[in-house]
Amino acid sequence: MRETFKYALILGLICFLSSSVLAVINSVTEPIIKAQKEEQETQALKELLPQAAMFKPYYEEDKVLFYRGYDSNNRLGGFVLKSMQKGYSSDIEILISLDLALRIVSVKILSQNETPSIGSRILELPFLEQFRNKAQESLGEVNAISAATISSTAVINSVKSKISQLQNTLLEELKNGG
C-alpha cells in the first residue's frame, strides 16, 4: 500500500511537471505560430489579388468575413473571401478572390489535412482552375474530383456560400447607404 502511494505520487509529480513544461512551451510558441499564419495569409492575399496595394478586412462577430482590395489610388479593385469548410477528414481553409463583378479570379487552399493523394487533390491546378472566371450561378459547372468527392464538394460549396454571403453583405451595405 505504501509503495503504491509512493509510485502514484511520483507519477503525479511527473504529470504535473510535464503539463507545466507543455504550457510554457505553448505560451512561447503560440504568438510565433499566429504571426507566421498571418504572414502566410497576407502573402496569399497579395498572390490572389496582385493589383491590390492594401487590404481592409470586413469583420462579422470578430471574424474576418472578407477583405476589400484597394489599388495604390485607394480604388476598390476586388474582394478576397476567407472560408473554412469541413472536408472528409479535416477543415479546409480557403481564400477566394473576386473581381468587382463578383467573378472568381482564383481560389487558393490555405490549409487542409485531407487524405494524402486522394482528398489532397483539391490542391491540384486542374481542379482549382475550374473556378476561374465563374460567377456564383455557374459554379454548378465545376466538377468534383472522382474518389475525392467529399473534399472537392466541400470546396465548391464553401465558395458558393461565401460568394452568396458577400452578395448579401454588399446588398445590405447598399440599403444602409454604405
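Is Lys82 buried, exposed or partly exposed? With a relative accessible area of 22%, Lys82 is partly exposed, where buried means under 20% relative accessible area, exposed over 50% and partly exposed in between, using a 1.4 Å probe and protein chains only.

## What we're looking at

This is a predicted model, in which local features need pLDDT of at least 70 and side-chain atom pairs count only at pLDDT 80 or more, while totals for chains, interfaces and linings use all residues. Residues are numbered from 1 along each chain as its sequence is written, and side-chain values use heavy atoms, with hydrogens and water left out.

Let's start with the strands. Helices (H or I, at least four residues) and strands (E, at least two) are DSSP runs, numbered from the N terminus. Two strands pair if DSSP finds at least two bridges between them. Strand E1 (residues 54–60) runs antiparallel to E2, with 7 bridges between the two. Met54 sits opposite Tyr70 of E2. The E1–E2 hairpin leaves 2 residues between its strands, and in that turn Glu61 has a positive phi of about 55°.

On to the next pairing: E2 and strand E3 (residues 76–86) are antiparallel too, over 5 bridges. Here Tyr70 stands opposite Leu76 in E3. This hairpin has 5 residues between the strands, and Asn74 takes a positive phi near 65°. Strand E2 itself (residues 63–70) is mostly covered, with 7 of its 8 residues buried. As background, side chains in a regular strand alternate between the two faces of the sheet.

Just after H3 comes Gly177, with a positive phi of about 80°.

The side chains of Glu173 and Arg68 meet in a salt bridge, 2.4 Å from N to O. The pair ties together distant parts of the chain, with Glu173 in helix H3 and Arg68 in strand E2, 105 residues apart. Arg68 counts as buried because its relative accessible area is 15%.

Lys82 belongs to strand E3 and Glu93 to strand E4 (residues 91–98), and the two are 11 residues apart. Glu93 is buried, because its relative accessible area is 4%.

Glu129 also forms a salt bridge, with Arg132, where the closest N and O atoms are 3.0 Å apart. Both ends are partly exposed: Glu129 has a relative accessible area of 36%, and Arg132 has 38%. Elsewhere, salt bridges that share partners join Lys37, Lys82 and Glu93 into one network.

## Phe127 in H2

Phe127 is found in helix H2 (residues 125–129). Phe127 counts as buried because its relative accessibility is 3%. Leaving aside residues up to four places away in sequence, Phe127 touches Arg121, Ile122, Val142, Asn143, Ile145, Ser152, Val155 and Ile156, where contact means heavy atoms within 4.5 Å. Leu174 is another matter: Phe127 and Leu174 are 47 residues apart in sequence and 34 Å apart in space, C-alpha to C-alpha.

Terms used. Salt bridge = Lys/Arg side-chain N within 4 Å of Asp/Glu carboxyl O.
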